[in-house]
Amino acid sequence: MLFRSTRVATVWLIMPLLAQARWGASAGEVGLILTAGALATSATLPVVPRLSRKFGRGTAIAGSTAMVLAGLWFVGTAATIVGMTFGSLLLGIANALGIPALSAYAVDLTPPGRLGAAMGLLRMATDGGVVFGPIVLGLMVDQLGLGYGGALVWAGAWLLACNTAFAAAMRGHKAPRG
């Protein structure tokens, strides 16, 4: 969850800086880009339970990860505000698919009587990503000279590495479908 919430910090903190640096985007234009992602999340959430039952949580997590990678790439390499908005839409849909599936997966893995502790740990990891994501990405931008777009692409690579490790650790675990 830490790696996924780092992506959230990436979007909400780096995307506005990137839009302003590349195109001189106004506060209103940045707001529209971010709102597009939030609306995509809201529009997708009603179908998530049905998709999760049909395809399983692991598929939802994998599909969400692929969409996050694509969204970060579109945002990080966008030549226009339209391209960045498309990336924001992908990231919004990925939020709707992935976050409930990860939470449900954590419930599946939690021994009886430990749900409170597990959810607290999940929340701590989420908050940790929001705290450390901007620091790490800021250092990447400032110290490595990657620029905002490069930092987003590297965040995508980090997400891929973390998800690959997650998939390897969960291999053989049979979570209930839906």
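What follows is a short chat about a predicted model of one chain.

Q: What does the secondary structure of the chain come to?
A: This is a predicted model, and its chain comes to seven helices and zero strands. Read along the sequence, the pattern is α-α-α-α-α-α-α.

Q: And what share of the residues is buried?
A: Buried residues make up 42% of the 178 in the chain.

Q: How much of the contact comes from residues 24 or more positions apart?
A: Those pairs account for 78% of the contacts in the chain, counting contacts with a separation of 6 or more.

Q: Let's zoom in. Where does A19 sit?
A: A19 is in helix α1, which covers residues 2–23.

Q: Buried or exposed?
A: A19 is buried, because its relative accessible area is 0%, and the cut-off for buried is under 20%.

Q: Which residues does A19 touch, leaving aside neighbours within four places in sequence?
A: A19 is in contact with G24, A25, V30, I33 and M84.

Q: How far is A19 from I81 in space?
A: The C-alpha atoms of A19 and I81 are 7.3 Å apart, while in sequence the two residues are 62 apart.

Q: Switching to α4. What does it reach from first C-alpha to last?
A: Helix α4 runs over residues 57–77, so 21 residues by the DSSP run. It reaches 30 Å, close to the 30 Å expected at 1.5 Å a residue.

Q: Which residues of α4 are buried?
A: The buried ones are R57, A60, I61, S64, T65, M67, V68, G71, L72, V75 and G76.

Q: Why would residues three or four places apart point the same way in an α-helix?
A: Because an α-helix has 3.6 residues a turn.

Q: How many aromatic pairs does the structure hold?
A: It holds two aromatic pairs. In one of them, the rings of W73 and F74 have centres 5.3 Å apart and planes at 80 degrees, so that pair is edge-to-face.

Q: What about the rings of F74 and F86?
A: Their centres are 4.8 Å apart and their planes are at 80 degrees, so this pair is edge-to-face too. It links distant parts of the chain, with F74 in helix α4 and F86 in helix α5, 12 residues apart.

Q: Which residues make up the aromatic cluster?
A: W73, F74 and F86 form one cluster.

Q: How do W73, F74 and F86 count for accessibility?
A: W73 counts as partly exposed at 48% relative accessibility. F74 is partly exposed at 29%, and F86 is partly exposed at 40%.

Q: Next, α5 and α6. At what angle do their axes cross?
A: The axes of α5 (residues 81–109) and α6 (residues 115–143) cross at roughly 145 degrees and come within 10 Å.

Q: Left-handed or right-handed?
A: α5 passes α6 in a right-handed crossing.

Q: Which residues meet there?
A: From α5, S103, A106 and V107 meet L115, M119 and L122 of α6. By class, this contact has five nonpolar residues, one polar and no charged.

Terms used
Residues numbered from 1 in each chain as written. Predicted model: local features only at pLDDT ≥ 70, side-chain atom pairs only at ≥ 80, totals over all residues. Heavy atoms only, no water. Axes fitted to C-alpha atoms, helices over the stretch in contact; angles between N-to-C directions. Helix = DSSP H or I, 4+ residues; strand = E, 2+ residues; numbered from the N terminus. Left-handed = near helix turned anticlockwise from the far one by under 90°. Contact = heavy atoms within 4.5 Å. Nonpolar A, V, L, I, M, F, W, Y, C, P; charged D, E, K, R; others polar. Expected span 1.5 Å × (residues − 1). Buried < 20%, exposed > 50% of the residue type's maximum accessible area, 1.4 Å probe, protein only. Phe/Tyr/Trp six-rings, centres within 6.5 Å; stacked < 30°, edge-to-face > 60°.
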